[in-house]
Each structure stands twice: as structure tokens, then as C-alpha cells.
Amino acid sequence: MRLFLNGFLFQLRLSRRSPDTFLVCVTAPLLTTVFLSINAYTGRHELTSYAVVAPTLMSLWALALSVAGSALTEDRDLGTLEGQIAAPAPMALTFLGRMCSVVVVGSMAFAETWLVAGALFGRWIALPHPVVSVACLLATALATAGTAGLLSPLFVLTPSARTLQNTLTFPFYLLGGVLVPVSVLPQWLRPASYTVFLSWSADLLRDSLATDPVSRPALRLLAVLALGAAGYGMGMLLLHRVVLRVRRTGTLTRT
Amino acid sequence: MTAAVHTRGLTRAYAGRKTDRGRDHLALDSFDLRVEEGEVHGLLGPNGAGKTTLCRILSTVLLPTGGTAEVLGHDVRTEADVVRRTVGIVFGGERGLYGRLTPRQNLRFWGALYGLGGKELRRRTDALLERTGLGGRADDRVDTMSRGMKQRVHIARGLITDPPVLILDEPTNGMDPVAAHDFRAMITELRTDGRTVLLTTHDMGEAEALCDRVTLVDRGRVIATETTDSVGALLARHDRIDATDVPPEVVTALRALPGTESVTPLGGDSIRVVTADADTVGEVLRLLVASGVTRVTTAPPGLEEVYLGLIGRQGMRVRP
């Protein structure tokens, strides 16, 4: 727990001095405005929840991608990765703490989008299932942090990390049912969607904003958490192998 | 008695880097070293000699490809976790710190990675900040600090866990003379703590001032390990003789002596003769006195001359 907290506070301190982290606090309201404007123009007011959920999840995912993409590579460039490998603490827990700190910032996007919808467009969205909504946001944040654990060592291994980072944004928003529900995607694509935690999060979050009863919320929350945990597990295994490899090949300081 | 650091036949090959003969580049080649507990030991060698590779292996960041390396009896390969708790590593230069954080925040982060926390971590952080003279700037960002101040943060980071073995990899590299002087005073303090310090450097003065023993390394091999005082004896035959008002024909005669290694002008009519064996010293002196040269001084070689004599006058050339 101490290592987790150490990572959490460390990343929070770094974030305070890195405006990039808070960029989502600007982009989320902007995206909400764009989506709600389209929404208003087409007269599809029943899709308001989509316009609120999408920027929230997009912000979380984009922030996790950005920080996960840079965390290890930056440490490598700064020479601090050497120090971390030379320390007895397992990197996995510190790293999870760091990513959780990032998603806390990303989760603020939900409050922003909700406020934008109400204050600018007069569409104050009710929270008929507040427990499910909050639980879904928390589970999504955890799953995002976990999945970031998979992405980070992947970026270290990939020579063109920036390109990979870019390809993991909009395709994932579509595959994850963030922009449109998975049910409208082609039949052959849907199984792939269900392996992405975002698809479960997006559906559950939208359902929690509707007045109808939410179907099997616990099971769906579990799916979000399980997929996030699987990503984290694979990521830490990958990280372990990456560290072992650079110790063996002596390529740690090479960029 | 267990050595603080003990390597036997330690070898590190880099498969991706080939020598001219197409073999794997050997950064360390059957490297044998023994550093006793409480000793300040210097590793002297030119760039590319293998000093940093050794530091990386001892701090478990790099795996050896052959031989063994132990820290206080623990193998760096099979007991890496124990070794990591035993060794404090200080990498030289700008790398290794989070510039956007303050020294205090850096120390707390690194301390927690070694299992420290709460009051103990705060106490050690405060004590180290004071000890390294960073108390007044403990809450300034590291990237606003001078090279010397950053190096102090490095040292504090290396000491945060109070390790019995401290490895300093070129710690004064790029430091201004004042900062380097302060740093040396700090190392002298560490010696009185009874800590083992392994210091890599290519600064002879630093090694002479700080170390109990030095190991001269080149091309990944140990050339010699001696006490700092007696290492000059290794090249006793390389005695130097400085003489003034030496006639040109005598200079020519000195150069012609079989045991003369070099005759170097020192400016004006002064020259420095470096001999290749002890017998030649007498011959040089006889020749000088016979020629009426009376202003003659002899001196044992400085560590720098020993170093250059043993490794060769290759200056700062980096090994391929």
C-alpha cells in the first residue's frame, strides 16, 4: 500500500508541474460542446447521455494513453529508470499508483461534461442510479489505470511509440462503443468490442443515466474490473520481461 | 572476512557491438576486484574502460555474461533483492533525478522505493538535506539548480537508505572546482562513517585525495590494484628528473640513453626526463652533473603519470 501511495503522490506532484495532464480538463468541455451542438442540430435529445459519456471516457483513455506512453520512456530518458530497477521495490505497485493518480484527474471530466450540458445547453442530466454511475466511473478509472500498465511497456518496446499511441485513440473509441453503441457496429466486430473494457463501461454508464432499471450492474462492473485487471496483469508481466531483457542486453540507457 | 565488493572473472559482453575482429565487444573481461569493508576504493580508467559497466552490474541494473560479482557476500545475479538493499548508487551527470520535483520530493520518492516511510523517511530526508547543504533549497525544483547542487541531491539520494556500500560513478564529472572540493569533503565524512565507497573517476587528483586504494582499469581489465601511496612504486622505474640549464648536446645524449623513456621540454632551458628503469636514473644524474648541470630535482611519479604510464598516453580517446 505504501508503494501504491508513493506512486500516487509522486505522479500527482509531477502532474501539478505538467500542464499536459490537465489538458483534458479543457478538451472534455470542448468535445461535449461539439457533441451537444450536433445533437441539438439534429434534434436527437434522447442522445444527450451519449454526448456526456463519450467525452468522459475519451478524456480518461486519452490521458492514460498519454501518461502511460511517456512514463517509462521519460524515466528511461531521465536515467531514473535505472534507479527504479536498482531499488528493491517492485515497479508494478508504484506504477499502478502513478496511473491511478492520472485517472483521478481524468475522472474530473465527467463533472465538467455534466456541467457543460446543464449550464450551456440547459440539459441537466439526472442521476437516477447514482450508485451505479459512481461505481461505474470508479471501476472504469481503475480499469483504465490497469490497461495503462499494459500500454506502458508496450510503448517502451515499440520503436515508433508515438504512432502506436495515435492509432489507439479513435479506433478504440469506436471499438469500445464510446461514440456509438457496440450494438450498431458490424456483427463480426462485436466480439472484439467485448474484450475492450470501454465497451462495458460506456454501456453501463449510459444505462445508469437512463430512468429504466439497470440490467445486471454487478456483473457488468465485474467485467470492467476483470478486463482492467487482465490488462494490468499482462502489462506487469510484460514490464518484468522488458526489465529482464534490458538488464540482459544492456540497452537500458539507449533511447 | 567478507569483502564489501568481490568480483571474480567478471565479464560483460555486448552482443550488439562487435570488435574489429567481429567478436562481441567486452566491456569487462575477466575482471577481478576485491574491495574491503570500510575502504574508499578508486577505479581509475579512461572513458570506455568498463568502470560504469561495473557500477551497473554491482547495482543489479545490468547482468554479467560471465564470472561472479558479490556485494557483502551476496551474488548480484541470484540475490539481487538483497544486493539492492545493500548498495546505494550515485550516477554522475544530469541523469537520475526528477527535475520537475524538489530535492525533498525526490528523496521521499526514492526512499519509499526502499521501504522507508512515515516519520523515519521524513527524519532521514531532513537530516540528509542538511548534511548535503541543501536545507535552504530543499523545496526548489531540481532543474533550477546548478550542477554541483544537483550532485548533492544525487549523493543524498544514494544515502537515503543508509547503505553500507556506496557506489559513485564519476560523481564530479562536469562539476566546477568549488563544488568538486565540497564533494570531496563530503566523501571524507562518509569514510568516517565506516561506509565502503567505490568511486569511479578519471581524475587523478580526486583518487589521490580520497581513496585508500586504487584499481587501474583499461579495456575492461584490471591493470593493477595498489594503495594510493604505493601505486607510484609500480612505475618506480619511471622516475622523473627535472633539470634546468641543460645544454642541447646533453639533451641529445640523454635521449640516446637506452633507459630513457622520454625527454620533454618544460619551457625555457628546463627539461623533464622520464626513465624506463631504476638504473637509468643514476646514469641520467651522472650525465647531467658531468655536464655542469646543477639544478636537478628528482621525484616519484604522480598518480597521473602512473596512470598514463600504465594505460598509455591515449588521453581522452574513447574505446570502440
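Author: Across the interface, 35 residues of chain B are in contact with 33 residues of chain A, contact being heavy atoms within 4.5 Å. This is a predicted model, where local features need pLDDT of at least 70 and side-chain atom pairs count only at pLDDT 80 or more, while totals for chains, interfaces and linings use all residues. Residues are numbered from 1 along each chain as its sequence is written, chains are lettered from A and ligands numbered from 1 in the order in which they are written, and side-chain values use heavy atoms, with hydrogens and water left out.

Together the two chains bury about 3,100 Å², 55% of it on carbon and sulfur atoms; buried area here is the accessible area (1.4 Å probe) that two parts lose on being put together, summed over both.

On the polar side, you'll find 18 residue pairs in polar contact between chain B and chain A, both residues at pLDDT 80 or more. A polar contact is a pair of N or O atoms within 3.5 Å; within protein, one must be able to donate a hydrogen and the other to accept it, and residues adjacent in sequence count only if both atoms are side-chain atoms. As for which bits of chain B do the touching, β1 (5–18), α2 (80–86), β6 (87–91) and α3 (103–113) each supply at least two residues, with helices (H or I, at least four residues) and strands (E, at least two) taken as DSSP runs numbered from the N terminus. The largest share of that side, 6 residues, comes from α3(B). By type, the residues of chain B's side split into 17 nonpolar, 7 polar and 11 charged; Ala, Val, Leu, Ile, Met, Phe, Trp, Tyr, Cys and Pro count as nonpolar, Asp, Glu, Lys and Arg as charged, and the others, Gly among them, as polar.

There are also 3 salt bridges between the chains, each a side-chain nitrogen of Lys or Arg within 4 Å of a carboxyl oxygen of Asp or Glu. A:Glu82 pairs up with B:Arg95 in a salt bridge, with the closest N and O atoms 3.7 Å apart.

Stepping back to chain B as a whole, its secondary structure comes to 10 helices and 14 strands. Among chain B's contacts with a separation of 6 or more, 69% are between residues 24 or more positions apart.
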